[in-house]
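Here's a short tour to read alongside the model. Keep the structure open while you go through the points.

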Protein chains: 2
Amino acid sequence: MSAESPVAVRRPQRADARRNFDALLAAAREAFGEHGTEASLEDIARRAGVGIGTLYRNFPTRQDLFETVYIGEIEQLCRTADEVADLPPWEALVSWLHRFVAYTATKRAISEALNRDSAMFRHCRSEIYRVGEPLLARAQAAGTVRPDVTFDDTLRMISGLTAAGFVDAAQRERVLGIALDGLRTR
Amino acid sequence: MSAESPVAVRRPQRADARRNFDALLAAAREAFGEHGTEASLEDIARRAGVGIGTLYRNFPTRQDLFETVYIGEIEQLCRTADEVADLPPWEALVSWLHRFVAYTATKRAISEALNRDSAMFRHCRSEIYRVGEPLLARAQAAGTVRPDVTFDDTLRMISGLTAAGFVDAAQRERVLGIALDGLRTR
DNA sequence: ACATTATCGGAGGGGTGCCTCCGGATCCAA
DNA sequence: TTGGATCCGGAGGCACCCCTCCGATAATGT
């Protein structure tokens with residue numbers, strides 16, 4: 001993420017306040033991951049071992065809290081694009097997509113976010129595209145991926161599968177592999 | 001569905017009562033489709049133009065209502081397996097899976113149900129397998145579908161994509177097509 | 001040590017949903 | 001038409017969640 005976060009949420013100065021702030025973010029990441037955007041704020045405060053008032057002081061609206069968590073996840077994801085840069089086209093794309101799945105503890109929420117509309121979401125979306133789309137384009141240029149697929153198609157396919165339930169991690173990988181295989185030229 | 005519904009919910013005798021019963025089912029189908037299993041029962045009663053008491057008289061628990069809707073959808077789905085019986089293996093499988101997507105107005109709910117556990121869900125699951133698994137097996141025997149894929153893999157992949165959001169129906173079809181393509185042997 | 005001031009946390013009012021209960025409306029058979 | 005069986009529907013008690021407000025608490029500078 002190149003610029004400052006577009007949200008006016010700042011990490012507090014005092015030591016105890018910082019502890020609470022971080023605990024809230026961690027709890028929120030967990031809760032949003034489990035229940036999606038609708039997670040109970042009082043539950044998040046409880047998980048963080050903090051009063052509900054403290055939550056609202058740091059994050060006046062649900063949106064503020066969610067965006068802060070979300071931006072963190074996306075930043076992390078964007079950074080991983082460099083790490084795959086020197087792999088062959090197909091491997092680069094696939095391993096980045098695998099991180100797309102793994103890094104987003106905000107699983108349920110991230111797919112909801114694909115459709116949502118706000119300045120921040122638009123920003124995050126464009127960041128993801130900025131780092132991810134070239135990976136797809138490269139694989140297409142190399143003739144590995146079919147040319148009629150868009151990056152948006154790919155993302156939605158992956159995030160749909162991420163949100164789905166599987167009996168175990170092995171099945172998730174297997175199914176993900178099948179779907180990714182569908183991207184390749186024949 | 002071969003046997004009687006395993007749930008003890010019966011359509012009432014009196015004309016007005018039957019009208020309400022049916023209105024409730026229709027409203028529930030809608031609401032579950034939009035909001036998943038957690039849809040508000042009071043909202044369902046409102047949509048049906050009926051008091052909340054009437055809802056509870058017909059369906060003492062949320063489970064009863066959901067199961068009744070769910071069974072209806074599954075029965076309908078199972079019946080469609082015959083209609084594709086005389087297509088070539090791959091086409092048969094694909095068009096049945098397309099109906100799997102289309103028929104389940106209970107969209108969000110159906111994927112939740114894949115993981116849930118109850119006598120009824122087990123029953124429905126086994127019915128789906130009974131009609132669907134042979135379609136996959138046939139395509140595999142014909143050499144069209146890779147042999148390492150299970151029916152469960154396929155279903156979860158499809159239902160994951162069903163639950164995901166897309167910008168329009170065309171994209172949904174396109175992505176579905178990509179994923180299905182991953183099932184084929186190369 | 002102590003005052004200052006940022007921070008805490010939960011009580012409380014308003015909203016919604018769950019489910020029960022029963023007086024009153026409605027249907028239908030005779 | 002009419003009486004009894006059936007069915008209706010919403011009021012009301014409980015639980016949870018949202019968000020605000022403010023007295024109590026604890027960190028920090030001197």
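For sorting residues, Ala, Val, Leu, Ile, Met, Phe, Trp, Tyr, Cys and Pro count as nonpolar, Asp, Glu, Lys and Arg as charged, and the others, Gly among them, as polar. The model is predicted, and local features need pLDDT of at least 70, side-chain atom pairs count only at pLDDT 80 or more, while totals for chains, interfaces and linings use all residues. Residues are numbered from 1 along each chain as its sequence is written, and chains are lettered from A and ligands numbered from 1 in the order in which they are written.

**Around DNA strand C**
- There are 23 residues around DNA strand C, where being near means that a C-beta atom, placed from the backbone, lies within 6 Å of the strand.
- N20(A), G51(A), G53(A), A15(B) and G53(B) are the closest.
- Helix 3 of chain A gives the largest share of this surface, 4 residues; helices here are DSSP runs of H or I, at least four residues long, numbered from the N terminus.
- By class, you'll find 8 nonpolar, 7 polar and 8 charged residues near DNA strand C.

**Around DNA strand D**
- DNA strand D has 23 residues around it, and L41(A), G53(A), N20(B), G51(B) and G53(B) come nearest.
- Here the largest share, 4 residues, belongs to helix 3 of chain B.
- The surface near DNA strand D splits into 8 nonpolar, 7 polar and 8 charged residues.

**A look at P60(B)**
- P60(B) sits in the loop between helix 3 and helix 4 (62-83) of chain B.
- P60(B) counts as exposed because it has 12 C-beta neighbours inside 10 Å; the cut-offs, with C-beta atoms placed from the backbone, are 12 or fewer others within 10 Å for exposed, 20 or more for buried, and partly exposed in between.

Definitions and conventions: Helix = DSSP H or I, 4+ residues; strand = E, 2+ residues; numbered from the N terminus.
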